[in-house]
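Here is a friendly walk through the model, meant to be read with the structure open beside you.

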Amino acid sequence: MRTHFLSKAIAAVLAAATVTVTVTAHAASVELLNVSYDPTRELWRELNASFIAQFQKDKGGVTVSVKQSHGGSSSQARAVIDGLEADVVTLASYIDTDAIAQRGLITGDWAKRLPGNSLPYTSTIVFVVRKGNPKGIKDWPDLVKPGVEIITPNPKTSGNGYLTFFSAWGSVVLRGGTKAQAVDYVTKLYKQVPVLDSGARGSTVTFVQRGIGDVHLAWENEARLEVEEAKGDLDVVYPPISIRAEPHVAVVDANVDRKKTRAVAEAYLKYLYTDAGQEIIAKHHYRPANEAVLKRNAGQFPALRLFSIKEIALDFPDAHKKFIAEGGVFDTIYKPRNR
Amino acid sequence: MASVNRRVLPGFSLSLGYTVFYLTVLVLVPIVACISKASTLTLDQFWAAVWTERTRAAYLLTFGTSLAAAAANVLLGLLVAWVLVRYRFPGRRLMDSLIDLPLALPTAVGGLVYASLYVKKGWLGQYLVPLGIQAAYSRLAIVLVLVFIGLPFVVRTVQPVLEDLDPEAEEAAASLGASRWQAFRRVILPPLYPALLTGFALAFARSLGEYGSVVFVSGNMPYKTEIAPVLIVARLQEYAYGEATAIAVVLLAVSFAMLVLINLLERWSKGDSAHA
């Protein structure tokens, strides 16, 4: 008896769900869900508004709305894998987009589908220091000088965290250092990190609100916001070399085909590459893919050597495996030796 | 209908059916899912995931801080419950409702506030840090925030029992020549044992699973202040679902064993106080 009741209840719930879906599809309106990472809220809010206005002007009659979802990049990817119906994903790293592709939700050579390897913008890791840079921090080696406290999130749980690690590693091996010197450098560096916050925003709170640390290694866009908001109490320092962070965008094939939203989802991502889209991206301190737009905003994007992940590993997943994952270089740093 | 199971209220089979259904859906299915995910690993993989120097340090920390916090809560909770039940003073009602606040507050808020208070430049930290007391980003910080989270459990389990306790029993003890300490230990405390144990178990279990507040105060330093749930999140970051659930299964198993043990203790103490 109870199983019968249970199956009826499940059927009713499913029926209700189907009805909602059909209703939205029949009205001439499309709703997209963009699943993104934490600090991009303001960026997508402005991009969405701009895209919707443009789309409705071009294709009158179809109303579009875009919902945003934000959170830690890899937990967002897991949500999509577990069934969150994202039409597009705009996550912090290739690792997370690729994990979704590995489960068959994004198909084929997805990174090749959009210009510039599906990267409408890139970013990097820079330094934020206290007013006037009292510890004289200019470059990576300055971080490990005695008495410098470093704030950066946990590489194990945060995108900002592992990008910091990759940057630190690259700053040694790409400037003539050996692997052993690189291990030595990152070991020293993480010994000077008093708190490993679980995410990028947590580190910002530790550095800004709690006043802990001399330097904060953060996403470029976060660093710029942080300094703007501190109104003179903090400064950005650009090291001569840092990682090129690659937040890819992709249409989630399995979801858009089921929801019949592919055309709009593709138009949405293409819009990011238009001049209007690129200008919004630059305004929010992400480095636009379009050279002309980047040049127009050169004042806010100082030149530095942005090295590719391919210079220190095969790709992002390989680097993560080598350096961060269980048994990687990061794990050896904290191993207690003489306690 | 001349059944031996005849009850005053009808509907035993229906209510049992619902109980089993809810327990299955809410508790059993997730646990089974967790175990089945972990069982996708081979025994070697499982062992490699759950038994490393780092996970051992994390288990020790998680269970150690939870035990310490639950023990502190038993003392503190008993005191608070005693004051609330036995004395009448202005602001008592307000104090009484304050007790439940940690349950309502998102624990991340608790963690953030505690960390801000105890850092070098915080309201309390500015006095404590010069004395060498690091109550933010340390093990002490974890215990403090767990005490905060677990307090209502002890107070709320002890309070009703204390209310039922007849003050005349203490007066009788006093008139029979018992000292204050004897009266407390032999007359007041024994009936409270089961409630104290329940409160302890609840606070302890609550602390084992706590993540939101602890990540903000602990500093998450591997081997030192990294709790086991942080390791689970770290493994999820690698999309190593099997390994992540393996650690969860270990936590589940140990917690379950400890709760069973506490339940047994509780039953034993009830029997003990009944014939005492």
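## Where the two chains meet

How many residues does the contact take from chain B, and how many from chain A? The contact in this predicted model takes 20 residues from chain A and 20 residues from chain B.

Let's look at the chain B side. Helices H1 (12-38), H6 (107-118), H11 (214-218) and H12 (228-237) of chain B are the elements that each give two or more residues to the side touching chain A. The largest share of that side comes from H12(B), with 4 residues. Sorted by class, the side of chain B that touches chain A holds 13 nonpolar residues, along with 5 polar and 2 charged ones.

## Inside chain A

Now for chain A on its own. The domain assignment gives domain 1 of chain A in two pieces, 2-122 and 246-300, and domain 2 of chain A is likewise written as two pieces, 125-243 and 308-333. Between the C-alpha centres of these two domains of chain A there are 29 Å.

The two domains do touch: 13 residues of domain 1 of chain A are in contact with 13 residues of domain 2 of chain A. On the domain 1 side, helix H4 (residues 94-102) of chain A gives the most, with 3 residues. That side of domain 1 of chain A is made up of 6 nonpolar, 5 polar and 2 charged residues.

## Inside chain B

Chain B is divided too, into domain 1 (1-38) and domain 2 (50-275). Their C-alpha centres lie 30 Å apart.

Which residues link them? The contact involves 5 residues of domain 1 of chain B and 7 residues of domain 2 of chain B. On the domain 1 side of this contact in chain B there are 4 nonpolar residues and 1 charged residue, with no polar ones.

The mean pLDDT of chain A is 90, and 91% of its residues reach 70 or more. Two stretches need some care, though. Over residues 1-7 of chain A the pLDDT is below 50, and this stretch has 2 contacts in the model beyond near neighbours in sequence. Residues 9-27 of chain A also have pLDDT below 50, with 3 contacts beyond near neighbours in sequence.

Where pLDDT is low, the predicted coordinates should not be read in detail. Please keep that in mind when you look at residues 1-7 and 9-27 of chain A, where the pLDDT is below 50.

Key:
Residues are numbered from 1 along each chain as its sequence is written. Chains are lettered from A and ligands numbered from 1 in the order in which they are written. This is a predicted model: local features need pLDDT of at least 70, side-chain atom pairs count only at pLDDT 80 or more; totals for chains, interfaces and linings use all residues. Domain bounds come from an automatic or database domain assignment. Ala, Val, Leu, Ile, Met, Phe, Trp, Tyr, Cys and Pro count as nonpolar, Asp, Glu, Lys and Arg as charged, and the others, Gly among them, as polar. pLDDT is the predictor's confidence in each residue, from 0 to 100.
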